[in-house]
Amino acid sequence: MSDLAEDLEPVAHRVGFLFPVHIWGLPARVIRFSNHLRMKPETYFFAIAVNAGQPAATLLQLQKLMANRTFSLSSGYSVILPSNYIPWGGPGPIESQQHLFRNARDKMKMIAHDILRGEQKKVDRGPLWQNILFSWLYKMSLRHVPKMDRKFWVDDKCNGCNICFKVCPAGNIEMKEEKPSWLHRCEQSLACIQWCPQEAIQYGKKTVKYQRYHHPEITLQNMLEQAGCLNRF
Ligand code: SF4
């Protein structure tokens, strides 16, 4: 993480954070990235927080973090997509998913327009009650996230293909006797459970009956390339 953040310095005039909202707040890796940035103060920073309808105070959290480092987050956008948090259910009916994809495409056009113009805007946020309640839940939960992988298990459909090992952006899986084993530095991306081609990975008891989901325009090759990059830090 620190390498990549520091590599940006010589060339970047605009820097964007594009990340999923985790437990109504910033993923730990985004915090680490922000803390290692070495940029000129005049750099234009923007953020896009992908979420399932409850961005809460995530972008405010990032804005404060940046301000503590004397940077300014010029704009921050919530983009709503189907939920991939399979422990709480599937992504919803296909019609709802397509509705969200259309809205997200429209919003991304608007965001691109803003970024090109260097707009300064208030960051998107949820209602006050959500920001207070969910920010508290986030604070209570964050330190437990690495060990939340204790609920993963693998069923008999596993054929040892290694894909879960390769797509994990946190390098949190090792293969033991051709089966995945989780190393308790989980970031709850859920890439393993969503991308297992056999649907052999489960989380707790309920995921057996839930549909797997990933964005239809993302390929396994995209995931493998991204994980290779993310595992650098
Ligand atoms: S991706 Fe699925 S089938 Fe492949 S090794 Fe992992 S659990 Fe087994």
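Predicted model: local features only at pLDDT ≥ 70, side-chain atom pairs only at ≥ 80, totals over all residues.
User: How do you know that the span of helix H5 agrees with its number of residues?

Analyst: H5 covers residues 128-141, which is 14 residues. At 1.5 Å a residue they should span 20 Å, and the end C-alpha atoms are 20 Å apart, so the two agree.

User: Which residues of H5 are buried?

Analyst: Gln-130, Asn-131, Phe-134, Ser-135 and Tyr-138. What covers them includes helix H2 (28-35) and helix H3 (58-68).

User: And why do we say that the buried residues of H5 line one face?

Analyst: Look down the axis of H5: the buried residues fall within an arc of 110 degrees, so they line one face of the helix. The face turned away from that side carries exposed residues, namely Leu-128, Trp-129, Ile-132, Trp-136 and Lys-139.

User: Why is Met-148 called partly exposed?

Analyst: Its relative accessible area is 23%. Buried means under 20% and exposed means over 50%, so Met-148, at 23%, counts as partly exposed. You'll find Met-148 in the loop between H5 and strand E4 (152-154).

User: What does Met-148 touch, leaving aside its neighbours within four places in sequence?

Analyst: Met-148 is in contact with Tyr-85, Gln-188 and Tyr-203.

User: Which elements give two or more residues to the lining of the second largest pocket?

Analyst: The lining includes Leu-60, Gln-61, Ser-135 and Tyr-138, and the elements that give two or more residues are H3 and H5. H3 has the largest share, with 4 residues. By class, the lining has 4 nonpolar, 4 polar and 2 charged residues, and about 190 Å³ of space lies in this pocket.

Definitions and conventions. Residues numbered from 1 in each chain as written. Heavy atoms only, no water. Expected span 1.5 Å × (residues − 1). Buried < 20%, exposed > 50% of the residue type's maximum accessible area, 1.4 Å probe, protein only. Arc of directions from axis to C-beta. Contact = heavy atoms within 4.5 Å. 1 Å grid on protein atoms, 1.4 Å probe; cavity = no way out; pocket = protein on both sides within 12 Å on 5 of 7 lines; lining within 4 Å. Points joined across faces, edges and corners; volume = space filled by probe spheres on them. Nonpolar A, V, L, I, M, F, W, Y, C, P; charged D, E, K, R; others polar.
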